Amino acid sequence: MAQYLQRQIDDLKKRILTLSAVVEESFHQAIHSLEHMDTTLAQAVIERDTEVNEMEVDLEEECLKILALHQPVAIDLRFIVSVLKINNDLERISDLSVNIAQRTRGLAALKQGPIPFDLFAMAEKVESMLKKSLDSLVNLDTDLAREVCHLDDEVDAMHKDNYGLVKNQIRQHPEQLDALIEYLSLSRHLERIADLTTNIAEDVLYMVDGEIIRHTY
Amino acid sequence: MRLRFVWQILPAFFFLILLTLLLLTWLFARNLSNFYLEETAAGLEARARLAAFQITDSFALDHSGRLDELSIRLGKETGTRFTFILPSGAVLADSLEAPERMENHALRPEIAIALTGTIGQATRYSNTVHKNMMYVAIPVQNQDHLLGVVRAALPVTTIDQALGIVYRQIIVSGMVVMLIATLIGTYISRRISRPLEEMRRGAERFARGELTERLRVRGSEEIAALATAMNTTAYELDQRMRTVVRQHNEQEAVLASMVEGVLAVDTSERIIRINRAAAALIGVTPEEVKGRGIQEAIRKADLQRFVRRALSARDPVEGDIVLHGTEDLYLQAHGSPLRGESGQELGALIVLNDVTRLRRLENVRRDFVANVSHELKTPITAIKGFVETLQEGAIKDPDSATQFLDIMMRQADRLNDIIDDLLILARIEQDSDQGDLPLTEMSLINVIESAVQACASMAAEKQIHIEPFCPTTLKARINAPLLEQALVNLLTNAIKYSQQEGRILIEASRSDSTITISVRDWGCGIDKVHLPRLFERFYRADKARSRKLGGTGLGLAIVKHIAQAHGGEVTVTSSLGAGSTFSLQLPARTQQHQASLPSAVPTTPSTLPPAED
């Protein structure tokens with residue numbers, strides 16, 4: 001019975017890692033589509049969301065099945081609870097990637113002015129956070145997870161600055177208002193994704209240490 | 001429990017020795033006591049006969065006093081007990097006991113036999129002397145008349161004593177023999193087991209893989225044969241192991257030196273094998289991912305999807321994979337199922353081909369075809385439009401007809417320019433492909449000056465100042481008309497994208513192995529996303545502006561090809577709003593004498609008469 005549980009947990013791990021790879025790809029492609037104004041790629045990202053949603057539901061059902069069937073304790077229980085939460089976070093990241101891809105489509109139809117802040121530096125930072133949080137999940141690396149938690153502050157600060165920068169630009173060039181609003185929401189999406197990667201990192205810390213460190217950073 | 005060899009030999013030894021001793025003791029004791037008893041019986045009979053001879057005359061009740069005395073005397077002197085018994089069984093005299101106290105002896109076995117006229121003999125316990133006694137009774141006869149019986153008796157305890165001594169000696173000597181047997185047994189078992197022990201250690205060494213070790217061949221024939229056989233086994237094993245290791249190494253080497261990435265996964269999607277090329281493509285090291293699940297080790301959704309597809313398919317599959325990273329990699333993947341000897345599924349083998357460069361070239365080609373058609377189409381459409389207008393009657397209006405014809409002329413010129421440029425490109429490519437581009441060693445300063453001159457009128461229009469710097473002695477192996485063309489193209493671009501009254505720097509310098517001619521402007525600059533593709537044919541950073549400024553879109557492609565025809569290359573550094581620098585690097589083949597290299601001499605400033613390029 002214990003062996004059976006272990007097999008199911010391994011399967012769960014495989015699934016969450018597969019999901020994480022797909023979500024990481026989605027995010028990367030969303031940013032890529034934005035950078036190159038590639039609406040076909042954006043469309044692909046938007047369509048991929050259905051796949052992610054299905055994977056999320058399957059994974060959640062699998063978790064609940066294991067909980068009901070085996071009533072696991074200690075590390076197994078923590079693992080399943082963490083997977084449930086990370087699953088949710090990943091699905092949200094996928095949704096936000098879709099939002100970014102939609103912004104790409106919106107922006108492609110607009111006359112664009114210069115971006116008042118360094119959007120791609122921010123995207124790169126968020127992507128590295130996502131990568132690190134997923135690496136920490138794969139290797140159960142608590143140091144890396146803590147690093148992600150700290151990086152979030154930087155992204156939050158960036159987002160705050162962006163607000164002011166966009167506001168200034170709107171005052172100077174009110175005719176670019178539409179594009180600027182899109183940029184502002186992009187900044188917000190990125191900030192939200194950074195928050196979600198922090199959640200993943202915190203869940204990894206919980207899984208390994210069994211300690212809930214949320215709201216302490 | 002396993003017994004040591006010595007414990008298997010010794011009990012057998014002991015058992016044999018014990019059995020022998022017991023058998024011998026029994027036989028010896030039996031013979032000895034038989035002999036003794038016979039001797040005793042014969043002695044007793046002789047004594048009884050002697051006594052009977054003496055008393056034959058006086059064997060009667062009335063002589064009992066004398067007989068008693070005689071029996072006591074005889075008894076004392078011979079140590080034998082004599083008893084005289086009447087035929088009735090009444091005891092007449094006895095050496096040890098008063099006759100009147102003795103019961104009737106007629107029923108005693110020896111007496112009963114003697115009374116019948118033969119010699120009776122018996123051995124039994126005597127109540128009188130409380131000992132085991134041997135009795136021999138003989139009848140005393142006088143002319144067939146039975147007078148009585150004489151019985152002689154001796155205690156047989158002496159035989160027991162004698163046997164006791166014998167038994168003790170046998171036990172002692174038996175123990176000595178056992179001791180010796182133990183020593184011999186131990187020695188023999190040692191002799192047998194020591195080579196075995198040695199062989200065991202040797203076999204253990206073989207098991208550890210020390211197959212070059214050999215066992216000493218010695219000891220008995222069987223042991224020696226065993227050692228030889230084991231040595232042969234070790235040799236054969238060693239040879240086979242070496243073959244296996246060599247084959248394995250060969251396979252590893254083949255796999256490792258393949259340009260294609262090879263990745264093998266088992267049915268549970270674990271990585272069994274990954275070669276260096278595949279690891280490099282994916283951005284991992286083979287050691288860190290071997291044995292781990294693919295989801296865990298390689299977080300590339302596209303690759304994971306392909307692996308799943310390859311595992312679930314029965315036949316080989318093919319697909320394109322995009323690996324996202326700092327630079328996106330396009331891979332062509334082939335997957336085929338791995339099968340064991342008996343056809344069972346072991347996993348899948350994925351071969352990855354990096355087609356990023358191919359893909360890029362394909363894009364370039366596609367863009368070229370699209371671009372060249374577009375570029376040729378634009379002037380033709382214009383010309384066609386105006387011709388139609390003229391046909392529809394505009395020809396009758398001289399003013400507009402002239403104007404239209406002018407426009408048509410301009411468009412035709414443009415078409416001509418494009419085709420000229422394409423022809424130049426084709427010729428340079430052809431020449432450099434065939435390697436018959438004539439290169440001559442000549443001074444660079446003349447080339448630079450004539451290029452500046454060619455662009456002077458254009459520069460004058462925008463009041464741009466061109467500053468050439470070139471050491472007068474700097475020479476290179478060049479094709480002067482082509483290099484001039486390249487420089488003119490670069491200068492034209494610099495002039496087009498500079499502001500009014502700007503300045504342009506053209507400078508030649510030499511380092512150890514290269515001569516660099518750079519053209520620098522302080523114009524609008526180029527966005528970094530365009531830099532990698534800038535030298536492609538018809539690639540325009542800003543389409544609208546470039547065409548308005550009258551470029552064919554081939555200028556930089558020509559520059560690149562000219563640089564390549566010289567065995568050099570062209571590079572660009574630029575930042576938006578700050579201007580660009582294009583550098584032509586030509587190889588400096590011969591180490592020439594250059595005394596005045598550092599002194600850059602400004603040549604004539606370009607306020608020369610206008611000329612068309």
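Q: Which helix of chain A holds Ser26(A)?
A: Residues are numbered from 1 along each chain as its sequence is written, while chains are lettered from A and ligands numbered from 1 in the order in which they are written. Helices (H or I, at least four residues) and strands (E, at least two) are DSSP runs, numbered from the N terminus. Ser26(A) lies in α1 (residues 2-36).

Q: Is Ser26(A) buried or exposed?
A: Buried means under 20% relative accessible area, exposed over 50%, and partly exposed in between (1.4 Å probe, protein chains only). Ser26(A) has a relative accessible area of 1%. That value makes Ser26(A) buried.

Q: At what distance are the side chains of Ser26(A) and Arg48(A) joined by a polar contact?
A: Contact means heavy atoms within 4.5 Å; beyond its neighbours within four places in sequence, Ser26(A) touches Val45(A), Arg48(A) and Ser97(A). A polar contact is a pair of N or O atoms within 3.5 Å; within protein, one must be able to donate a hydrogen and the other to accept it, and residues adjacent in sequence count only if both atoms are side-chain atoms. For Ser26(A) and Arg48(A), the side chains make such a contact at 3.4 Å.

Q: Which residue forms a salt bridge with Arg48(A) at 3.2 Å?
A: Arg48(A) lies in helix α2 (residues 39-70) of chain A and counts as buried at 13% relative accessibility. A salt bridge is a side-chain nitrogen of Lys or Arg within 4 Å of a carboxyl oxygen of Asp or Glu. The partner of Arg48(A), with the closest N and O atoms 3.2 Å apart, is Glu25(A).

Q: How many residues apart in sequence are the parts that Arg48(A) and Glu25(A) tie together?
A: Both residues of the Arg48(A)–Glu25(A) salt bridge are buried. Arg48(A) is in α2 of chain A and Glu25(A) in α1 of chain A, so the pair ties together parts whose separation in sequence is 23 residues.

Q: Which residue of chain B is in contact with Arg48(A)?
A: Neighbours within four places in sequence are left aside here. The contacts of Arg48(A) in chain A are Val22(A), Glu25(A), Ser26(A) and Gln29(A). From chain B comes Arg305(B).

Q: What area is buried between chain B and chain A?
A: Buried area is the accessible area (1.4 Å probe) that two parts lose on being put together, summed over both. The contact takes 14 residues from chain B and 18 residues from chain A. Carbon and sulfur atoms give 46% of the buried area, which is about 1400 Å².

Q: Which element gives the largest share of the side of chain B that touches chain A?
A: Four salt bridges cross the interface of chain B and chain A, one of them between Glu24(A) and Arg299(B) at 2.7 Å. On the side of chain B, α8 (294-297) and α9 (301-312) give two or more residues each. The largest share, five residues, comes from α9(B).

Q: Are Glu204(B) and Arg200(B) buried or partly exposed?
A: Their side chains meet in a salt bridge of 3.0 Å, N to O. Both lie in helix α4 (residues 157-207) of chain B, four residues apart, about one turn. Glu204(B) has a relative accessible area of 38% and Arg200(B) has 41% relative accessibility. Each therefore counts as partly exposed.

Q: How many of the 17 residues of α13(B) are buried?
A: The expected span of a helix is 1.5 Å times one less than its number of residues. For helix α13 (residues 480-496) of chain B that gives 24 Å, and the end C-alpha atoms are 24 Å apart, which agrees. The helix is largely enclosed by the rest of the structure, because the number of buried residues is 14.

Q: Which helices cover the buried residues of α15(B)?
A: Helix α15 (residues 555-565) of chain B is mostly covered, with nine of its 11 residues buried. The cover includes strands β16 (569-575) and β17 (579-587) of chain B. Among the helices in that cover are α11 (398-434) and α13 of chain B.

Q: Where in chain B does pLDDT stay under 50?
A: Chain B averages a pLDDT of 82, and 94% of its residues score at least 70. Where pLDDT is low, the predicted coordinates should not be read in detail. The mean is lowest, at 44, in strand β18 (residues 601-602) of chain B. The stretch under 50 is residues 591-613.

Definitions and conventions
This is a predicted model: local features need pLDDT of at least 70, side-chain atom pairs count only at pLDDT 80 or more; totals for chains, interfaces and linings use all residues. Side-chain values use heavy atoms; hydrogens and water are left out. pLDDT is the predictor's confidence in each residue, from 0 to 100.
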